[in-house]
Amino acid sequence: MATDEVQQREPAQTPVSKPRRSSGLGTAWRIVRLVGALYLFVGALQLMKTGAGGLDIFTQGGFLVRNAGSTLGLGWLGALFTLSGTPPAAAALTLTATGRISEIQGFTMVTGARLGAAFVVLLVAVLYASRSGAGKRLKTVSTAVLALAITAVIYVPGAIIGLLLLRSEPFHNVQLSAPPQFSNLVDILYGWVLNNVETWAPGVLFVVGFALLFASFKLIDASMPEVNEDRFQGSRLGWLRSKWPMFLLGIVVVIATLSVSVALTVLVPLVAKGYVKREHLIPYIVGADLGTLVDKLVVAFLAGIGAVHPAAPVRIILAEIVGTALIGMIIMTLLYKPFRRGVWKFQRQVTKSKPRLGVFTALLFVTPLAILVVSGFVG
């Protein structure tokens, strides 16, 4: 009998070490991919800067960058078509650093990119809803509408504050940029690449750089720790209904994944499977919208390396951070209850019928396109 018990225990003990080795190899491979993705990301920025310097399409006064309204629409559309706000935001910072567009234009382009970035949540919600029952469809789509509405409420007034800051003389005198040693390091790491492509057309360099930038962010997303509903399954407790813990969780998840799209998209299955209620996600979304600017600050420093205006991208993101953080904290501390009622009522009206949802989705494309066209002609 004792022998049988030993034999029964042995099989249960043998697999223990294998997952650990597998987990260790998986972590090492994830780190290697992340380092490679970061190398690609910085290199893509260098290509974009090199190409942007000779691009006629972004010449001051051109149709796409005629004024701040044009760049707002351009950044918004760029986020819609790339399903991410980071590539167009990085492009805006690069164009500003090279002097192709002004700081105000770079700021509105980054703001537009942030407004359009949440569209990916709506797309995922619609795809997820197509596989779900009728009751779950409303939950997933309304979660996406909540994310879009909250993002707009935070970034639009935050952008007004940021613009006022950028126009002020004391703020304009802020000179923050990467140390000169970073420029030397970039030359060592990427000089051989830039030397081999210096004869390429500026437009080709910019497009290739943008494509590599987009690919690098996809690789970074894939290399980061996964955030999925299974990790929340055992945590369906009171803290998921608390305002400040959810707010901080939104910030932490965005910083950990380096992607507000990932942080917001994970909400769709969480709500559909009942791990978290929609009304409790509002502070999480506010935190995610604020936390995403942290990684943009890193991009701003990198975009300024070796550029004509190295401090301009940093000023843009600092203005975004101050403006959105101020609005976000006012909402969380003073106006949370009316804000929650307002956005909840808005999403209910939008998701009340398919025609209303269709109009709302169409406006996400029509609005930035109209801003870009009207601004281009009015000039």
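How much accessible surface does the chain have, and what share of that surface belongs to carbon and sulfur atoms? The accessible surface, from the Shrake-Rupley method with a 1.4 Å probe, comes to about 17,900 Å², and 67% of it belongs to carbon and sulfur atoms. This is a predicted model, in which local features need pLDDT of at least 70 and side-chain atom pairs count only at pLDDT 80 or more, whereas totals for chains, interfaces and linings use all residues. Residues are numbered from 1 along each chain as its sequence is written, and side-chain values use heavy atoms, with hydrogens and water left out.

**Overall fold**
- The chain has 18 helices and 0 strands, taken as DSSP runs (helices: H or I, at least four residues; strands: E, at least two) numbered from the N terminus.
- Of the 379 residues in the chain, 47% are buried, meaning under 20% relative accessible area with a 1.4 Å probe, protein chains only.

**H3 against H18**
- Helix H3 (residues 68–82) and helix H18 (residues 354–378) pack at an angle of about 150 degrees with their axes 8 Å apart, the axes being lines fitted to C-alpha atoms over the stretch in contact and the angles running from 0 to 180 degrees between N-to-C directions.
- H3 and H18 are therefore roughly antiparallel to each other, a term for angles over 145 degrees.

**H3 against H5**
- H3 also packs with helix H5 (residues 103–117), at an angle of about 35 degrees and with the axes 6 Å apart.
- Contact (heavy atoms within 4.5 Å) involves residues including Trp76 and Leu80 of H3 and Met109 and Leu115 of H5.

Key. Buried means under 20% relative accessible area, exposed over 50%, partly exposed in between (1.4 Å probe, protein chains only). Angles under 35 degrees count as roughly parallel, over 145 as roughly antiparallel, 65 to 115 as roughly perpendicular and the rest as oblique.
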